Amino acid sequence: MKTIKIKLLFGIMAAGLLINPGCSGFLDEDLQGQLVGVGALSSVEGLDAALTGAYKGLGWTWSMGFFHSTPMGATMGGDDITTHPASNKQEFREFDQFAVSPGNSRTGQMYTGCYKAIQGANNIIENWENTSGPEDRINEIVGEAYFLRAFSYYWLVRLYDGIPLIITPTFSEDLLSIGRTESSVIYDLIISDFEQAELRLPNSKRDPGRPNKGSAAAFLADVYLTMGGWPLHDTSKIPLAAQKAKEVIDNRATYGFDLVPTYEVLWANDPSGFNMPEEIFSLYAYDGVGQTMNAHFGFASMPGEQSGWEDFFAEINFFNNFPEGPRKDMTFRTEFELEDGRVLQWQDLQTRHPYYNKYYQAGDQKRWFSSIPLIMMRYAHVLTIYAEASTRELGSPSTEAYASINLIRNRAGLPELEGLSGEEFIEAVIDERAWEFAAERTRWFDLVRLERVEEANANKHPWDLQPIGGISKEDYTFPLPLTETLNNPNLQ
């Protein structure tokens with residue numbers, strides 16, 4: 001049993017290398033077979049190579065991380081996305097119907113990928129003081145390591161609640177019986193790590209796809225907003241969420257952040273047109289190197305009539321309630337041209353659902369892989385955090401809160417909000433987040449922190465998947481992978 005456990009948890013922690021997520025110079029290098037150990041971290045080059053390895057768990061095709069439909073499946077408990085009622089989508093359906101089994105391999109992919117990144121980050125954080133080289137360069141690499149560790153733990157704690165807290169890169173016997181750590185302790189580490197990242201990272205990203213100081217501040221704002229809701233209900237963090245979001249907004253020019261002018265630009269999905277100012281943090285892909293291709297765009301989000309895999313598409317009530325305008329037009333695909341020239345409406349598809357246009361590749365390319373980066377947070381997200389958190393803090397919306405949310409509504413072609421009470425404004429912001437970030441792995445986490453999962457899944461359209469049995473707070477998080485709990489009873 002020990003051998004199996006080592007393979008699962010600490011095989012994850014084997015230091016490996018991934019392409020630099022934003023530097024084309026790295027993309028051409030053959031990094032296969034190179035391992036990063038403590039001795040290799042004595043130079044800046046070795047430390048940077050170890051950082052490249054830390055990205056591997058997050059940007060990996062199929063087996064772990066985010067470059068496939070698994071993150072979409074993990075958030076199907078929201079009311080914005082669903083999956084095929086038959087076909088080979090059983091594991092996706094478990095998420096949408098609140099019947100996730102410990103043996104669901106999709107949860108294992110998220111778990112494995114995040115811990116892979118954590119191990120790589122731990123390796124740097126524990127050993128960087130032995131590295132010789134320019135201080136600012138070392139500091140930047142270490143800042144990125146803290147960012148990746150915080151990012152990974154943030155995803156894990158929201159998916160699973162109590163999880164193993166591992167801050168060492170090396171294996172020891174006691175880790176075979178490690179238990180689950182309270183989520184509040186995990187959040188303490190997340191905050192500390194993002195704070196370290198903010199202190200160490202530069203104002204500008206050294207490459208597309210890497211975080212900068214503003215990225216760390218933006219994620220801190222999101223963490224604080226999340227902590228103000230379920231399960232911690234730490235309302236003392238709400239003012240901090242507003243404060244950090246305001247810092248990012250006030251320094252957007254310094255950090256290089258802004259809204260792009262139109263949704264056509266935002267969702268052009270042309271790999272040559274990325275590194276947009278709206279990207280707070282993205283995972284960059286490369287379709288010419290093995291397991292670094294992004295399978296999130298293309299076939300995964302297309303109907304079978306267009307050779308698609310039908311992994312995910314829009315829930316019908318969500319689509320029907322979505323405000324009309326340029327954002328809706330760009331968010332959804334409702335007409336589908338076939339090879340024979342016929343055009344089908346969404347009601348004529350076998351699945352009878354609209355699809356997400358924002359995940360079609362440029363030119364409607366019919367393939368499963370791409371170099372399109374996966375945006376994990378946008379500047380629009382920061383604007384909504386500030387609007388909500390500042391209003392919760394003050395009790396009524398300020399001029400700045402209105403300005404923040406109206407920037408998004410102006411781009412969406414919607415009338416500006418005005419004259420609302422505090423509660424009315426907060427509800428409007430929550431709705432805006434649902435529409436702006438539809439199918440961007442945000443709605444589910446909002447429903448969880450606001451304790452509205454049950455409400456959002458009531459009265460579903462008859463053509464949507466229905467929950468199996470009742471929904472309770474136990475369904476707000478997932479069981480740890482069976483491969484882990486079988487080999488360590490302390491994780492059950």
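Residues are numbered from 1 along each chain as its sequence is written. Because the model is predicted, local features need pLDDT of at least 70 and side-chain atom pairs count only at pLDDT 80 or more, whereas totals for chains, interfaces and linings use all residues; side-chain values use heavy atoms, with hydrogens and water left out.

Helices (H or I, at least four residues) and strands (E, at least two) are DSSP runs numbered from the N terminus. Pro 373 lies in the loop between β7 (355-356) and β8 (374-378). With a relative accessibility of 2%, Pro 373 is buried; buried means under 20% relative accessible area, exposed over 50%, and partly exposed in between (1.4 Å probe, protein chains only). Beyond neighbours within four places in sequence, the contacts of Pro 373 include Phe 274, Tyr 284 and Phe 297, where contact means heavy atoms within 4.5 Å. The C-alpha atoms of Pro 373 and Gly 228 are 30 Å apart, at a sequence separation of 145 residues.

Pro 231 is placed in the loop between α9 (213-227) and α10 (238-250) and is partly exposed, at 33% relative accessible area. When residues up to four places away in sequence are not counted, Pro 231 touches Asp 161 and Ser 183.

Helix α17 (residues 422-436) spans 21 Å from its first C-alpha to its last over 15 residues, close to the 21 Å expected at 1.5 Å a residue; the expected span is 1.5 Å times one less than the number of residues. Of the 15 residues of α17, 11 are buried, so the helix is largely enclosed by the rest of the structure. Among the buried residues of α17 are Phe 425, Ile 430, Arg 433 and Trp 435.

A nonpolar core is a set of buried Ala, Val, Leu, Ile, Met, Phe, Trp, Tyr and Cys residues joined through side-chain atoms within 4.5 Å. The largest such core has 147 residues, of which Phe 151, Tyr 153 and Ile 190 touch the most other members. Helix α7 (residues 135-160) gives the most to this core, with 16 residues. Ile 190 is in contact with Ala 150, Tyr 153, Tyr 154, Val 157 and Val 223, leaving aside neighbours within four places in sequence.

Pockets and cavities were located on a 1 Å grid over the protein atoms alone: a cavity is a set of points where a 1.4 Å probe fits but cannot get out, a pocket is an open set with protein on both sides within 12 Å along at least five of seven lines, and lining residues have an atom within 4 Å of a point. Grid points are joined across faces, edges and corners, and a volume is the space filled by probe spheres set on the points. The largest pocket has a volume of about 400 Å³, and α17 gives the most to its lining, with five residues. Asp 79, Phe 318, Asn 321, Arg 443 and Ala 456 lie nearest the centre of this pocket, out of 18 lining residues.

Seven cavities of 30 Å³ or more are found in the whole structure. The largest cavity has a volume of about 190 Å³, and Arg 158 and His 381 are among the residues nearest its centre. The second largest cavity holds about 120 Å³; among the residues nearest its centre are Arg 158 and Pro 231.
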